[in-house]
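Trainee: I am new to this structure. Could you show me how to read its main features, one at a time?

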Amino acid sequence: MLNRNPIRIALIDDYEVVVAGLLHMFANYADRVEVVKPTPGGGFRHPVDIALYDSFGRHSVDAPTLQRLLSDPMVDRVVVYTWNFQRALVERTIGDGASGYLSKSLTARELVDAIEQIHAGRAVISPAPKATNPTGGNWPGREEGLSYRESEVIALITEGLSNAEIAQSMFLSPNSVKSYIRSAYRKIGVLRRSQAVSWGMRHGFASDYVRPQPAVVPA
């Protein structure tokens, strides 16, 4: 599908490395998509075709953030980009007004194709992911050897969530969460939760961490 003008996409995520990874995925498709960034306050100065909401480090799909994007007159459509494909969550998110629900296992080409279909007016829900890590992109802690799931667990621990809350957020069993915690702790060299929180704060896992903005077009 060809577009006369590139689709304007805003990447919604607090983590600079995640945004940078998405920018890298879109780099070869500049004729089809144009990445813009929100203002420091989280709004947009100019219309955005699609707000791509990345759920990394979030407590599931954060309802207030989703509603803010859906109610923003500058945003035409909102698309969720995630690993969590529990049927109830997908149905609720689409029912709330999201125009797409896309898997992080999509290749860059598949992601751009899906975005173009959504921009054309079609609601797109991609197949549930089977891979354990994103096809492209990056995540905090990857350079320290953390898998994507381990990194998400550390992000949620840094945010103060309990094991039970993490299990609910990530749609995992409590035993799976404990397994991810053990392997993540071993990789980052900590023994206790307080040490993991301190490590996360030092490595940019806190939501109030001031992250540099990538060089993209202002919205």
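Mentor: We will go through strands, a helix, cores, aromatic pairs and salt bridges in turn. Keep in mind that this is a predicted model.

Trainee: Let us start with strands. Which way do S1 and S3 run relative to each other, parallel or antiparallel?

Mentor: S1 and S3 run parallel, joined by four bridges.

Trainee: How many bridges pair S3 with S4?

Mentor: Six bridges, again in the parallel sense. Here Val48 stands opposite Val75 in S4.

Trainee: How many residues of S3 are buried?

Mentor: Six of its seven residues are buried, so S3 is largely enclosed by the rest of the structure. As a general idea, side chains in a regular strand alternate between the two faces of the sheet.

Trainee: Now a helix. Which residues of H2 are buried?

Mentor: H2 covers residues 63-71, and its buried residues are Thr65, Leu66 and Leu69. Look down the helix axis. Those residues fall within an arc of 100°, so they line one face of H2.

Trainee: What does the face turned away from the buried side of H2 carry?

Mentor: That face carries the exposed residues Pro64 and Ser71.

Trainee: And what do the buried residues of H2 pack against?

Mentor: They pack against S1, S3, S4 and H3. Two of those strands, S1 and S3, are the parallel pair with four bridges.

Trainee: How do I read a nonpolar core?

Mentor: Begin with the general idea. In soluble globular proteins, nonpolar side chains tend to be buried together. Then ask which residues touch the most other members. In the largest core here, with 25 residues, these are Phe56, Leu146, Ile154, Ile157, Ile166, Tyr185 and Trp199.

Trainee: Which elements give two or more residues to this core?

Mentor: They are H5, H6 (163-170), H7 (174-188) and H8 (193-202). H5 gives the most, with six residues.

Trainee: Take Leu146. What is in contact with Leu146, beyond its neighbours within four places in sequence?

Mentor: Its contacts include Trp139, Ile154, Ala184, Ile188, Trp199 and Phe205. Ile154 and Trp199 are also among the residues that touch the most other members of the largest core.

Trainee: What does the second core include?

Mentor: This separate core has 23 residues, including Ile9, Leu52, Ala114 and Ile115.

Trainee: On to aromatic pairs. How many does a search of the whole structure find?

Mentor: Two. For each, read the distance between ring centres and the angle between planes. Trp83 and Tyr148 have ring centres 6.0 Å apart and planes at 65°, so the pair is edge-to-face.

Trainee: Where do Trp83 and Tyr148 lie?

Mentor: Trp83 lies in the loop between S4 and H3, and Tyr148 in H5, so the pair ties together parts 65 residues apart in sequence. Both Trp83 and Tyr148 are buried.

Trainee: What are the distance and angle for Phe85 and Tyr101?

Mentor: Their centres are 4.9 Å apart and their planes at 85°, which makes an edge-to-face pair. Phe85 lies in the loop between S4 and H3, and Tyr101 in S5, so this pair ties together parts 16 residues apart in sequence. Phe85 counts as buried at 17% relative accessibility. Tyr101, at 0%, counts as buried too.

Trainee: Last, salt bridges. How many are there?

Mentor: The count comes to eight. Check the N to O distance, then locate the partners. Glu34 and Arg8 meet at 3.7 Å. Glu34 is in S2 and Arg8 in S1, 26 residues apart. Glu34 is partly exposed at 25% relative accessibility, while Arg8 counts as buried at 18%.

Trainee: Which residue forms a salt bridge with Asp113?

Mentor: Arg32, with the closest N and O atoms 2.6 Å apart. Asp113 lies in H4 and Arg32 in the loop between H1 and S2, so the pair ties together parts 81 residues apart in sequence. Arg32, Asp113 and Glu116 are linked in a network of salt bridges.

Trainee: Are Lys104 and Asp54 buried or exposed?

Mentor: Both are buried. Their side chains meet in a salt bridge of 2.7 Å, N to O. Lys104 lies in the loop between S5 and H4 and Asp54 in S3, so the pair ties together parts 50 residues apart in sequence.

How values were computed:
Residues numbered from 1 in each chain as written. Predicted model: local features only at pLDDT ≥ 70, side-chain atom pairs only at ≥ 80, totals over all residues. Heavy atoms only, no water. Phe/Tyr/Trp six-rings, centres within 6.5 Å; stacked < 30°, edge-to-face > 60°. Buried < 20%, exposed > 50% of the residue type's maximum accessible area, 1.4 Å probe, protein only. Arc of directions from axis to C-beta. Contact = heavy atoms within 4.5 Å. Core = buried A, V, L, I, M, F, W, Y, C linked by side-chain atoms within 4.5 Å. Pairing = 2+ DSSP bridges. Salt bridge = Lys/Arg side-chain N within 4 Å of Asp/Glu carboxyl O.
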